[in-house]
Amino acid sequence: MKQTSALKIASLFAASLFTAVLALQASAAAQDGTTANPQAGRVRAAKAQPSPKEKINAWTVGLAGGLLEGAPIRLAAEIARVVDDGDNLQVLPIVTRGPTENLNSLLYLRGVDMAMINADALEEYKIQVPHILQRITYVLNLFPSELHIFVRPEIQTLQDLAGKKVNFNTRGTAAAYSGPLIFGRLGLNVDKTFIPHQLALQQMKSGDMAAVVFITSKPVDAFLKGKWEPGFKFLPVEYQSRFEDYYLPATLEASEYPGLIRQGERIATISVPTALVAFNWPPGSNRYHRVARFVDYLFDRIGKLQEPGFDPKWKAINLAATVPSLSRFQAAQDWLDRRATNRQTAK
């Protein structure tokens with residue numbers, strides 16, 4: 001009886017020892033990446049390969065572009081064509097409710113890494129998003145959108161517009177947002193309307209509308225192709241300190257509007273920078289690396305965007321141009337620094 005119990009104890013001890021040895025082997029295999037089970041190794045290797053879903057998302061960047069009929073979404077689509085590199089980089093232009101809504105998308109909409117905005121859209125977020133200027137960085141100053149205040153013959157000065165009907169185009173457009181903001185800074189209290197500019201221009205001819213406000217890149221076809229009686233004109237807006245936070249000085253010239261501006265005359269105005277901006281992702285984060293790769297591709301290939309077949313605005317792009325109130329995305333600054341170093345070395 002005692003012999004039988006001893007045999008049982010010995011058997012249990014041997015089984016425990018065998019289990020412990022197997023556990024130690026498994027632990028060692030896990031640490032050095034080996035395995036005693038070839039099938040398990042193949043399964044682990046298969047899992048290490050990214051799935052098609054992971055692959056397509058790894059280097060995809062979302063870009064909020066604005067209204068389908070606007071210039072920003074067209075530029076976003078052209079950017080996507082030029083920087084596309086299969087699984088290595090893909091840009092998705094996103095149609096939104098307008099250039100001011102693009103900033104909202106960048107702050108809150110999932111999958112949006114960058115946006116095209118009018119610089120003064122930041123004004124709306126100063127209260128509701130503390131430190132907004134630190135949360136957003138700019139990649140590129142795309143193009144200026146010049147302020148055009150077009151008035152009837154009896155209007156001679158900005159002050160003459162007080163209390164009169166002034167159209168700012170439809171809601172969601174640059175004019176509908178920036179126009180009233182600029183008029184507020186000028187202290188102009190007008191009867192604001194938000195109807196399509198084509199309709200408002202007809203009302204101007206009949207005397208029902210005193211002025212229209214365009215904020216877009218010059219020259220504007222509506223002024224070039226329209227037939228205007230003598231006296232219809234653009235009013236000047238002088239660049240002042242009140243505009244320094246978001247705006248830049250600009251002019252409207254006779255070469256751009258030969259039927260409305262006399263030869264040699266220049267009409268002072270201001271422009272709203274349209275900028276490509278990114279969320280200020282922490283350096284080293286996955287989203288930062290995505291945008292950094294995008295920056296390198298875009299800046300390296302900017303010459304392709306200046307070739308025939310793309311928007312003429314690309315020919316005036318200055319990669320080093322700044323955007324008032326914002327800091328440059330670090331990867332963009334790094335690219336510019338490398339170019340400056342290479343040029344210095346080449347001398």
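Predicted model: local features only at pLDDT ≥ 70, side-chain atom pairs only at ≥ 80, totals over all residues.
Let me start with E146, which, once its neighbours within four places in sequence are left aside, is in contact (heavy atoms within 4.5 Å) with F214, I215, T216, S217, K218, A250, L252, I270 and S271. Residues are numbered from 1 along each chain as its sequence is written, and side-chain values use heavy atoms, with hydrogens and water left out.

E146 itself sits in strand 4, residues 136-151, where helices (H or I, at least four residues) and strands (E, at least two) are DSSP runs numbered from the N terminus. Buried means under 20% relative accessible area and exposed over 50%, with partly exposed in between, using a 1.4 Å probe and protein chains only. The side chain of E146 does, however, reach the backbone nitrogen of K218, at 3.0 Å.

Turning to the whole protein, the secondary structure comes to 12 helices and 11 strands, and buried residues make up 44% of the 347 residues. Of the contacts with a separation of 6 or more, 74% are between residues 24 or more positions apart. The protein exposes about 18,700 Å², of which carbon and sulfur atoms supply 55%; these areas come from the Shrake-Rupley method with a 1.4 Å probe, and for residues only the protein chains shown count as cover.

Now to the salt bridges, of which a search of the whole structure finds 13. In one of them, the side chains of R74 and D311 meet at 2.9 Å, N to O. R74 lies in helix 4 (residues 71-83) and D311 in the loop between helix 11 (302-305) and strand 11 (327-328), so the pair ties together parts that are 237 residues apart in sequence. R74 counts as partly exposed, at 37% relative accessibility, whereas D311, at 7%, counts as buried. D311 also meets the side chain of K313 in a salt bridge, 3.8 Å from N to O, and K313 is partly exposed, with a relative accessible area of 23%.

Another pair is R338 and D296, whose side chains meet in a salt bridge at 3.1 Å, N to O. This pair links distant parts of the chain, with R338 in helix 12 and D296 in helix 10 (residues 286-300), 42 residues apart. Both count as partly exposed, R338 at 41% relative accessibility and D296 at 26%. Elsewhere, E123, K126, R185 and D245 are linked in a network of salt bridges.

Let me finish with Q330, which lies in helix 12, residues 330-346. Is Q330 buried or partly exposed? Its relative accessible area is 41%, so Q330 is partly exposed. Between Q330 and N280 there are 50 residues in sequence, and the two are 8.9 Å apart in space, C-alpha to C-alpha.

How values were computed:
Polar contact = N/O pair within 3.5 Å; in protein donor to acceptor, adjacent residues only side chain to side chain. Salt bridge = Lys/Arg side-chain N within 4 Å of Asp/Glu carboxyl O.
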